[in-house]
Amino acid sequence: MLWWPGNVCGFTELRDGRVLVFGGLMHLGIVISYITVADDNSLHIVYSYDQLRGRAYPADRPALPVTHILEDPARGTLTVFAYSEVFECNRTFQDWRKIATLDLDDEPGHSDAVRTIHRIGDAFVIATSLNGYQSLHGAKQVSHSFDNVPTGLSAEPHEPPAP
């Protein structure tokens, strides 16, 4: 029987064909973080942190559940988001460094303030649930606002604005 180390937050297919499955768990003081590689009908844990094993919180790698992973094939690195913490590691998951801690608000009952991330060159564009759009350039976070963007959607029919 396979023991699964927490909730699955996502999947990423790398350019070499490997599929990463990642996530973790935060519940009643328990914190688990993991990244696995799925190949040939098996899973291989390539990174994990489990607070239950009495390990100290790592400063240079994720302890919180991994929520997003983006590949930079030109540099041969992966950018790993764990809630508001951002890390970079090599493709073997041996060399890590912390890039930034995003200043974001969380919603109670939701696992992550970050909804979508896209890489544009060396920067990231991040859509959040409470802080709007953010960009991350190295360790510098910038908040962006857009005029005339609706703050919510309604199922009620409505007339479009007059021209």
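**Before starting**

I note that the model is predicted, that local features need pLDDT of at least 70 and side-chain atom pairs pLDDT 80 or more, while totals for chains, interfaces and linings use all residues. I also note that residues are numbered from 1 along each chain as its sequence is written, and that side-chain values use heavy atoms, with hydrogens and water left out.

**Entry one: the sheet**

I looked up the strands, which are DSSP runs of E with at least two residues, just as helices are runs of H or I with at least four, numbered from the N terminus.

I then went through the pairs of strands. Five bridges join β5 to β6, and in this pairing isoleucine 69 stands opposite valine 80 in β6. Between β6 and β7 I find six bridges, with threonine 77 opposite asparagine 90 in β7. The hairpin of β5 and β6 has four residues between the strands, and glycine 76 takes a positive phi near 70° there.

Is β5 buried or exposed? I use buried for under 20% relative accessible area, exposed for over 50% and partly exposed for what lies in between (1.4 Å probe, protein chains only). Five of the five residues of β5 are buried, so this strand is largely enclosed by the rest of the structure. His68, Leu70 and Asp72 point one way from β5, whereas Ile69 and Glu71 point the other way.

I checked tyrosine 83, whose phi is near 55°, a positive value in a residue other than glycine. Tyrosine 83 is found in the loop between β6 (77-82) and β7 (85-90), and it is buried, with a relative accessible area of 14%. Phenylalanine 93 also has a positive phi, of about 65°, although it is not a glycine. I place phenylalanine 93 in the loop between β7 and β8 (96-101), where it counts as buried at 3% relative accessibility.

Side chains of opposite charge can pair when their charged atoms come close. How many salt bridges does a search of the whole structure find? It finds nine, where a salt bridge is a side-chain nitrogen of Lys or Arg within 4 Å of a carboxyl oxygen of Asp or Glu.

One that I looked up joins arginine 91 and aspartate 16, with the closest N and O atoms 2.6 Å apart. Arginine 91 lies in the loop between β7 and β8, and aspartate 16 in the loop between β1 (7-13) and β2 (19-27), so the pair ties together parts that are 75 residues apart in sequence. Arginine 91 is partly exposed at 23% relative accessible area, and aspartate 16 is partly exposed at 44%.

I next followed arginine 75, which is partly exposed at 47% relative accessibility. Its side chain meets that of aspartate 72 in a salt bridge (3.9 Å, N to O), and it meets that of glutamate 88 in another (2.9 Å, N to O). Glutamate 88 is buried at 9% relative accessibility. Salt bridges that share partners join Asp72, Arg75, Glu88, Arg97 and Arg119 into one network.

I finished with aspartate 72, which has its place in strand β5 and is buried, with a relative accessible area of 8%. Leaving aside neighbours within four places in sequence, aspartate 72 is in contact (heavy atoms within 4.5 Å) with Thr77 and Arg119.

Note on methods:
Two strands pair if DSSP finds at least two bridges between them.
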